[in-house]
Amino acid sequence: MKLLDFFKRGGSAPVARERLQVLLAYERNNRNQPDLVAVLREEIIAVIAKHVQVNQDDVKITMDRGATTSTLEIDIHIPNAGIKAAAAI
Amino acid sequence: MGKVVVVTSGKGGVGKTTSTAALGAVLAQSGKKVVLIDFDVGLRNLDLVMGAERRVVFDLVNVTQGQAKLAQALIRDKRVESLFLLPASQTRDKDALTEEGVAGVINALRDKFDYVLCDSPAGIERGAQLAMRFADEAVIVTNPEVSSVRDSDRIIGLLDSKTLKAEKGERVTKHVLVTRYDAGRAARGEMLSIDDVLEILSVPLLGIIPESQGVLRASNVGSPVTLNEPTNAAARAYADAAKRLEGEDVPMVTPVEKKGLLNRLLGRRVA
Ligand SMILES: Nc1ncnc2c1ncn2[C@@H]1O[C@H](COP(=O)(O)OP(=O)(O)O)[C@@H](O)[C@H]1O
Ligand SMILES: [Mg+2]
């Protein structure tokens, strides 16, 4: 146990409560509708793919859902050759 | 080539998910590359126990159905570099996983990792059978209690007949991990003893994990007990079990009841 945790002993339940609230708020919202972040992810990648050739392997997606906001990071490595090829179309 | 280990039990609530997280984390901490796969489709929980629930983008079903690349679905642990999680899907479709799909994922992971730990769903149906299908080894999580031991026995039967290894005439290496062991109740003869469990199942013992409040605290904060409180009795027992899984010869310690003075006066147990 970390020293800080020691002084906050018995303090793990509030952490559990907070984590669950964030998670369940998200899951309840998404139960009967498409996952907004998933929709964004797909549409963003589709738009980029229209202009440059992207290899699925070069797309890195990370997410962090927070209580009030979430972050979606889409990291795409675009080969320079890909830009030229698409621009020629 | 890595080892594929299924963590299974038949019965629910015995400690499979807790054990997958705890064993995986110590193995990774000792330098192994480890991936944990949650096979509990529809009821995923390993992400919560690992504290990765906010970071799930893709899941096992997405990968088997080609909606995501394996590398995109793996979540790297924030505490241990070489530890990864492949989350289960929340879909209600029980048949979302196919044997071919799972074979593809496991074969790809086996090439890149030292350990592929498969957290099985409860039961003896399709989901549990898929989780064990490609295993080289099995950790059979058992509580010292009649219904758990009986279910473990049925799981052993499946490991010996329904796995790929069994069908090829080979054997899945089996280990029993006794969890939620309550030394006080064992001393009072209220619980099956370790010897009883081993004699009935006749599978070698991987470890004895005591019942401990530390396990609950760890799951509250989303960290495997072996990382959250490494000196906790359950964490130490998991660390020893991980060494045995690695082939090390670590003496087995049967947990004994520890009573502080105050607790002794109050007649309470401590963990
Ligand atoms: N050694 C232990 N001491 C105390 N509680 C435990 C222990 N192992 C598991 N638990 C608790 O038991 C419950 C079920 O554990 P879990 O790992 O989810 O089981 P399973 O995956 O087999 O269904 C959880 O609440 C967990 O925190
Ligand atoms: Mg579980």
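Predicted model: local features only at pLDDT ≥ 70, side-chain atom pairs only at ≥ 80, totals over all residues.

Student: Which residues line the largest cavity?
Tutor: B:Met50, B:Ala52, B:Ile75, B:Asp77, B:Leu83, B:Phe84 and B:Leu85. Strand 4 of chain B, residues 83-86, gives the most, with three residues (helices, H or I of at least four residues, and strands, E of at least two, are DSSP runs numbered from the N terminus).

Student: How many cavities of 30 Å³ or more are there?
Tutor: One. The largest cavity has a volume of about 50 Å³, a volume being the space filled by probe spheres set on the grid points. On a 1 Å grid, a cavity is where a 1.4 Å probe fits but cannot get out, a pocket is an open set with protein on both sides within 12 Å along at least five of seven lines, and lining residues have an atom within 4 Å of a point.

Student: OK, pockets then. How much space lies in the largest one?
Tutor: About 1,000 Å³. Its lining has 35 residues, with A:Tyr26, A:Asp35, B:Asp59, B:Asn62 and B:Gln90 nearest the centre. In chain A, helix 2 (12-30), helix 3 (36-51) and strand 1 (59-65) are the elements that give two or more residues to that lining.

Student: Which element gives the most to the pocket lining?
Tutor: Helix 3 of chain A, with five residues. By class, the pocket lining comes to 14 nonpolar, 11 polar and 10 charged residues.

Student: Switching to helices. At what angle do helix 1 and helix 13 of chain B cross?
Tutor: Roughly 70°, and the axes of helix 1 (16-29) and helix 13 (233-245) of chain B come within 9 Å.

Student: Which residues of helix 1 and helix 13 in chain B meet?
Tutor: Helix 1 brings B:Thr18, B:Ser19, B:Ala22, B:Leu23, B:Val26 and B:Leu27 to B:Tyr238, B:Ala239, B:Ala241, B:Ala242 and B:Leu245 of helix 13, contact meaning heavy atoms within 4.5 Å. The contact has nine nonpolar, two polar and no charged residues.

Student: How far apart are the axes of helix 7 and helix 10 of chain B?
Tutor: Helix 7 (146-159) and helix 10 (194-201) of chain B have axes 10 Å apart, at an angle of about 30°, so they are roughly parallel. B:Val149, B:Ser152, B:Asp153 and B:Ile156 of helix 7 contact B:Val197, B:Ile200 and B:Leu201 of helix 10. That contact divides into five nonpolar, one polar and one charged.

Student: And what about helix 2 of chain A with helix 11 of chain B?
Tutor: Helix 2 of chain A and helix 11 (213-221) of chain B pack at about 40°, axes 7 Å apart. A:Ser12, A:Ala13, A:Val15, A:Ala16 and A:Arg19 meet B:Arg217, B:Ser219, B:Asn220 and B:Val221 there. The contact has four nonpolar, three polar and two charged residues.

Conventions
Residues numbered from 1 in each chain as written. Chains lettered and ligands numbered in written order. Heavy atoms only, no water. Axes fitted to C-alpha atoms, helices over the stretch in contact; angles between N-to-C directions. Nonpolar A, V, L, I, M, F, W, Y, C, P; charged D, E, K, R; others polar. Parallel < 35°, antiparallel > 145°, perpendicular 65-115°, else oblique.
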